[in-house]
Amino acid sequence: MVKISVLLPVYNSSLYIEESIQSILQQSYPDFELLIIDDGSVDGTLGRIKGIHDSRIKVISHAVNIGLIRTLNEGLSLCTGEYIARMDGDDIALPHRLARQVAFMDANPHIGVCGSQAEYIGIAGTTVKPLNHDEIRCWQFFHCTFVHPTVMLRKSILDNHGVKYWDYPHAEDFELWNRLGELTQMTNLPEVLLKYRVHTNQISYVHESMQEQMAERIIRQQFGQIGLNPTYEEYQLHKDFCHFRIQVHDFNQYNRALAWAHKILEANNRVQKYNHEVLNSVVSQCFTFSH
């Protein structure tokens, strides 16, 4: 059995797929299989994949497109490694990515999910994802806390609990972190281990409306677990929190935001589901980052 299964689902990624694959094949850590599932691409992606010859590559191709969620779950069932490393067909893994994550996971057996920061391709900057478990859990009230193709998962956690991706189109990873957070500890490493490509054909652009609908569904479920059911107005205000749009010089908005913040903290204080000090800090930062 290999140490790592790298799971790479692809659909119409011919522009970038070769660079993505090579970034895995050139990893400093050699003990992995690269499971590539082409989900019915019609742009020549499969031909480019088959043009790369390496014994660590396993290729599965679908005659028709069945969608990312079904493809991901198929991949989870086929991975044989102790760890599953996610990868996407338009991103670039830095050469030490797998080595760094395996070393961390081996040294921290209580950690089941390990992500990292990513450097953007196409725009300037890097991600600033929360690092420790409690911060990750609390920031989930506001946005997805992992860059999906940076994540390494402990396969035994998935197998022991029957964990798969659920039907939350274009936000399936966002939902997954909430469930996994109930089962295992999660972390993000502080260093950049992936170059994440930003372009107009990616899901967050093409399916932005659906992604926002799914995100609202996920966040509302999370609020439900602490006994909150936001009104339409409250959720619109919460979106301003999510995007750091609370205007401190807008007296009316600021007071409404302050009331909503207290409502979140009081609800959590009643049920003690999340670390109260951390949640208070996270909510406060939504004000701090505002202009």
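Student: What makes β6 and β7 a pair, and in which sense do they run?

Tutor: Strands pair if DSSP finds at least two bridges between them, and β6 (residues 111-121) and β7 (residues 152-154) have two bridges, in the antiparallel sense. So they count as paired. Val113 stands opposite Leu153 in β7. Strands here are DSSP runs of E, at least two residues, and helices are runs of H or I, at least four, numbered from the N terminus. Mind that this is a predicted model, where local features need pLDDT of at least 70 and side-chain atom pairs count only at pLDDT 80 or more, while totals for chains, interfaces and linings use all residues. Residues are numbered from 1 along each chain as its sequence is written, and side-chain values use heavy atoms, with hydrogens and water left out.

Student: Why are β3 and β5 called edge strands?

Tutor: The open sheet of eight strands has the order β3-β2-β1-β4-β7-β6-β8-β5, with mixed pairing. Both β3 and β5 pair on one side only.

Student: How do you know what Leu180 touches?

Tutor: Contact means heavy atoms within 4.5 Å. Leaving out residues up to four places away in sequence, Leu180 touches Val113, Leu153, Ile157, Leu158, Val163 and Met186.

Student: And what makes a set of residues a nonpolar core?

Tutor: Its members are buried (under 20% relative accessible area, with exposed over 50% and partly exposed in between; 1.4 Å probe, protein chains only). They are Ala, Val, Leu, Ile, Met, Phe, Trp, Tyr and Cys residues joined through side-chain atoms within 4.5 Å. In the largest one, of 54 residues, Phe142, Trp177, Leu180 and Phe241 touch the most other members. Apart from it lies another core, of 31 residues, including Leu25 and Leu194.
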